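Open the model in a viewer and keep the selection panel at hand. The stops below go from one ligand to the other and end with the database annotations.

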Amino acid sequence: MSLKDQLDLQRLPRHIAIIMDGNGRWAKERGQDRLYGHHQGVESVRDIVEGCAELGIGYLTLYAFSTENWDRPVYEVNGIMELLVTTIRSEVSTLNKNNIRLHVIGDMTMLPPHCRQELEEAKEMTAANTGLGLVMALSYSARWEILQAVRSIAKDAQAGKLNPDEVTPEIWEKYLCTAKLPDPELMIRTSGEHRISNFLLYQLAYAELYFTNTRWPDFRKENLYEAILNYQTRERRFGKTSEQIQQNEEIVS
Ligand code: IPE
Ligand code: IPE
Ligand code: MG
């Protein structure tokens, strides 16, 4: 039985988040420039987006560039930005064909204007699609996101639009970039690093974490199925006891 056939389609995560790591090492291991790794990484993006769309996953968030990545050598940063523009331009028709809607989270003010415009256009052109929500985290970091949410919430309170005593988790979440998205149930990081690197710190509170040594340019649908199968073996307890969870499952089924 193929890995895909082993998946329990009733227990798929609604939202998968991926830290796409290892492009640079993948290229170096082949005696190539780091940018070659980023180019190859686009192939993996295509395959994984298609894989998620085929499975009927609701949202896929891809961490493509962090606010800290701006500190990389200018040559690499420029190469990644160019790759971003050309990829988006060439992929919009495929996104539309597959009913995929593009969302972007991150500090857009940091992006070169032509990148921002390309993203805005792609978002508009895919806005009517109702299938997979593809969320690109670009110039994103969770600490930046939390700080800008705190600033907005403080301004609204100062303007009298919000009573600080009435701030609930639901109201707070509206100030985050991910306001309309469910929290990820599964977070995958490729390339062997076991850290979060400033990704969705608030939203990942109860995500199941999956780490693989596979470098991002080698990550394909089969690797995705493996990650989901592993996720499906986990007992998600949310602070409760195993007995409570099992009892609940019996009542539901
Ligand atoms: C991930 O690959 C892509 C970005 C961060 C833009 P890296 O470029 O971090 O590759 P490694 O981790 O150096 O191998
Ligand atoms: C995290 O990878 C960011 C992205 C994948 C976009 P990094 O390669 O930047 O993270 P660190 O530096 O290893 O923590
Ligand atoms: Mg890295």
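## Stop 1: ligand 1

Select helix α2 first: it gives three residues, the largest share, to the shell around ligand 1. Helices here are DSSP runs of H or I with at least four residues, strands are runs of E with at least two, and both are numbered from the N terminus. The model is a predicted one, in which local features need pLDDT of at least 70 and side-chain atom pairs count only at pLDDT 80 or more, while totals for chains, interfaces and linings use all residues. Residues are numbered from 1 along each chain as its sequence is written, chains are lettered from A and ligands numbered from 1 in the order in which they are written, and side-chain values use heavy atoms, with hydrogens and water left out.

The whole shell has 13 residues, and the closest are D21, G24, R25, R34 and R72. A residue belongs to a shell if one of its heavy atoms lies within 4 Å of the molecule. By class, three are nonpolar, five polar and five charged. The classes take Ala, Val, Leu, Ile, Met, Phe, Trp, Tyr, Cys and Pro as nonpolar, Asp, Glu, Lys and Arg as charged, and the others, Gly among them, as polar.

Now show the distances from the oxygen atoms of ligand 1:

- G24: a backbone N or O atom lies 2.9 Å from an oxygen atom of the ligand.
- R25: a backbone N or O atom lies 2.7 Å from an oxygen atom of the ligand.
- R34: a side-chain N or O atom is 2.9 Å from an oxygen atom of the ligand.

The protein covers 88% of the 380 Å² of accessible area that ligand 1 has on its own. Accessible areas come from the Shrake-Rupley method with a 1.4 Å probe.

## Stop 2: ligand 2

Select ligand 2 and its shell: I19, M20, D21, Y63, A64, F65, S66, N69, R72, R189, R195 and S197. Which strand gives the most to this shell? Strand β2 (residues 59-66) does, with four residues. The shell divides into five nonpolar, three polar and four charged residues.

An N or O atom of the S197 side chain is 2.6 Å from an oxygen atom of ligand 2. A polar side-chain atom of D21 lies 3.2 Å from a ligand 2 oxygen, and one of R72 lies 3.3 Å from a ligand 2 oxygen. The protein covers 78% of the 390 Å² of accessible area that ligand 2 has on its own.

## Stop 3: annotated residues

Centre on D21, in the loop between β1 (15-19) and α2 (23-28). The UniProt annotation "binding site", from an unreviewed entry, covers D21 and E208. For "active site", also from an unreviewed entry, UniProt lists D21 and N69. UniProt annotations may be inferred rather than shown by experiment.

Conventions. A polar contact is a pair of N or O atoms within 3.5 Å; within protein, one must be able to donate a hydrogen and the other to accept it, and residues adjacent in sequence count only if both atoms are side-chain atoms.
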